[in-house]
Amino acid sequence: MNLRTALAAALVLIPLPVFAQQDLLDRAAAAYARIRTARASFEQTLTNPLTGTTLSARGDYQQEMPSRLSVLFTDPKGDRIVADGKSVWLYLPSTTPGQVLRLSGAMGAGSVDLVGQFFTEPRERFAITDQGPDPVGDRATRRYELLPKKVTTFTRALVWIDPADTTLRQFEVTETSGLVRRIRITRLALNVPVDAKAFTFTPPKGARVLDQGRLQGDAP
């Protein structure tokens, strides 16, 4: 066997998908940087390890980069989160009826941006471990563990990325309080028209508006 034949035979034995797996997170981050709008549906579970209780929710969201987001819950129906580019509004009548929280400051990665918190400079911000294939429903995905290098709102994150299109299909964060939040994305459309009206919020008549100051991470 000559050298050229030997090299060709060796290359056949190398599992080529490994190369794609090694840079899947980087490709997902690059794809995220090209997103201008998004529409999606999601399912959420919030687990309290101290009490052993789990709360479930579901809803839809629209996003327009870089600073507008609308989350409309269908269960519990009527709960809303709206980032209009200047403030973030939280209206959660299922838990605090008659009350609206307003957070001032432009939305950025790490505040309420569901995907940007993981895909903005991930290798600079996290210690990353590739945990291998782990399907989400009927989709083949690959799971990564992200451990923040600096203090943030969560101590650990898991992300499930679809190798077919580099989209995020599920994520789980362990918050500093110990709560574990898992969100599964059940429907996703990128760079599609969004409803401009969804990014405006008017407090319901009679609701008490509490101004909570600037978002964490904003400049003073």
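Is F126 buried or exposed, and at what relative accessibility? In this predicted model, F126 has a relative accessibility of 3% and therefore counts as buried. The briefing below sets out the aromatic pairs, the surroundings of one serine, and several backbone features.

**Aromatic pair W89–F201**
- Across the whole structure, a search identifies 7 aromatic pairs.
- One of these joins W89 and F201 in a tilted arrangement, with 5.6 Å from centre to centre and 35° between the planes.
- W89 belongs to strand β5 (residues 87-91), while F201 is in the loop between β11 (180-190) and β12 (208-214); the pair therefore ties together parts that are 112 residues apart in sequence.
- W89 is buried, because its relative accessible area of 13% falls under the 20% cut-off.
- F201 is likewise buried, at a relative accessible area of 10%.

- F126 and F154 form a stacked pair, for which the centre-to-centre distance is 6.1 Å and the angle between the planes is 25°.
- F126 lies in strand β7 (residues 126-133) and F154 in strand β9 (residues 154-161), so this pair links parts that are 28 residues apart in sequence.
- F154 is buried, with a relative accessible area of 4%.
- F126 and F154 belong to one aromatic cluster together with F118 and F171.

**Surroundings of S41**
- S41 is located in strand β1 (residues 37-48).
- With a relative accessible area of 11%, S41 is buried.
- When neighbours within four places in sequence are set aside, the contacts of S41 are G59, D60, R184, I185, T186 and R187.

**Cis peptide bonds**
- M65 and P66 are joined by a cis peptide bond, with omega at about 5°.
- P66 is placed in the loop between β2 (53-64) and β3 (68-75).
- A cis peptide bond also leads from D75 to P76, where omega is near 5°.
- P76 occupies the loop between β3 and β4 (77-84).

- E121, a residue other than glycine, has a positive phi near 50°.
- The position of E121 is the loop between α4 (116-119) and α5 (122-125).
- N191, also a residue other than glycine, has a positive phi near 55°.
- N191 is situated in the loop between β11 and β12.
- N191 counts as partly exposed, at 46% relative accessibility.

Notes: Residues numbered from 1 in each chain as written. Predicted model: local features only at pLDDT ≥ 70, side-chain atom pairs only at ≥ 80, totals over all residues. Heavy atoms only, no water. Phe/Tyr/Trp six-rings, centres within 6.5 Å; stacked < 30°, edge-to-face > 60°. Helix = DSSP H or I, 4+ residues; strand = E, 2+ residues; numbered from the N terminus. Buried < 20%, exposed > 50% of the residue type's maximum accessible area, 1.4 Å probe, protein only. Contact = heavy atoms within 4.5 Å.
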